[in-house]
Amino acid sequence: MKQLIQIRCKNNKKTLKVETGSTLSDIFSQLDVKMPYPPVSAKVNNKVEGLHYRVYNPKDIEYLDVTSASGSRAYTRDRKSTRLNSSH
């Protein structure tokens, strides 16, 4: 039997039980979050993490898109990294 943990989404004020080890991306697809743009990162207990971040304990999550300051920085860093990697 898979272990479930409780996630609280600040975007829509909903609580969800998910499997331990789920990524933020997996969790987002299970939530009905309405955002103007797709998320680029999320605040997990007030610390910004990428969407590949895996959750093993109960957490408060707030998904961020490019319209937020933290989301914009994450998007800019990711784009710079992609450009640098593709130039080799």
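In strand E2, Leu-16 is the bridge partner of Ile-7. This is a predicted model, in which local features need pLDDT of at least 70 and side-chain atom pairs count only at pLDDT 80 or more, while totals for chains, interfaces and linings use all residues. Residues are numbered from 1 along each chain as its sequence is written, and side-chain values use heavy atoms, with hydrogens and water left out. Helices (H or I, at least four residues) and strands (E, at least two) are DSSP runs, numbered from the N terminus.

E1 and E2 are antiparallel and share 6 bridges. Their hairpin has 4 residues between the strands. Lys-13 in this hairpin takes a positive phi near 60 degrees. E1 also runs parallel to E7, joined by 3 bridges. Here Cys-9 has Ile-61 of E7 as its bridge partner, and Arg-8 stands opposite Asp-60.

## The sheet

Five strands form an open sheet; pairing is mixed, and the order is E2-E1-E7-E4-E5. E2 and E5 (47-49) are the edge strands, each pairing on one side only. Two strands count as paired if DSSP finds at least two bridges between them. Strands of a sheet pair through backbone hydrogen bonds, either parallel or antiparallel.

Neighbouring strands in this sheet are turned by 35 degrees against each other on average, direction ignored. The axes behind this angle are lines fitted to C-alpha atoms, for helices over the stretch in contact, and angles run from 0 to 180 degrees between N-to-C directions.

E1 has two faces. Ile-5, Ile-7 and Cys-9 make up the covered one. Leu-4, Gln-6 and Arg-8 make up the uncovered one.

The largest nonpolar core holds 14 residues. Such a core is a set of buried Ala, Val, Leu, Ile, Met, Phe, Trp, Tyr and Cys residues joined through side-chain atoms within 4.5 Å. Buried means under 20% relative accessible area, exposed over 50%, and partly exposed in between (1.4 Å probe, protein chains only). Ile-7, Leu-24, Ile-27, Leu-31, Ile-61 and Tyr-63 have the most contacts inside the core. Two or more residues come from each of E1, E2, helix H1 (24-30), strand E4 (41-44) and E7. E1 gives the most, with 3 residues. Leu-31 touches Cys-9, Asn-12, Leu-16 and Tyr-63, leaving aside residues up to four places away in sequence. Contact here means heavy atoms within 4.5 Å.

## Salt bridges

The structure has 4 salt bridges. The term requires a side-chain nitrogen of Lys or Arg within 4 Å of a carboxyl oxygen of Asp or Glu. One of them joins Asp-60 and Arg-8, with the closest N and O atoms 3.5 Å apart. Asp-60 lies in E7 (residues 59-64) and Arg-8 in E1, so this pair ties together parts 52 residues apart in sequence. Both are partly exposed: Asp-60 at 28% relative accessibility, Arg-8 at 35%.

Glu-19 and Lys-2 meet in another, at 3.9 Å, N to O. This pair links distant parts of the chain, 17 residues apart: Glu-19 is in E2 (residues 14-19), Lys-2 in the segment before E1 (4-9). Glu-19 is partly exposed, at 37% relative accessible area, whereas Lys-2 is exposed, at 57%. Asp-32 also forms a salt bridge with Lys-34, the closest N and O atoms being 2.9 Å apart. Asp-32 is partly exposed at 45% relative accessibility, and Lys-34 is exposed at 69%.
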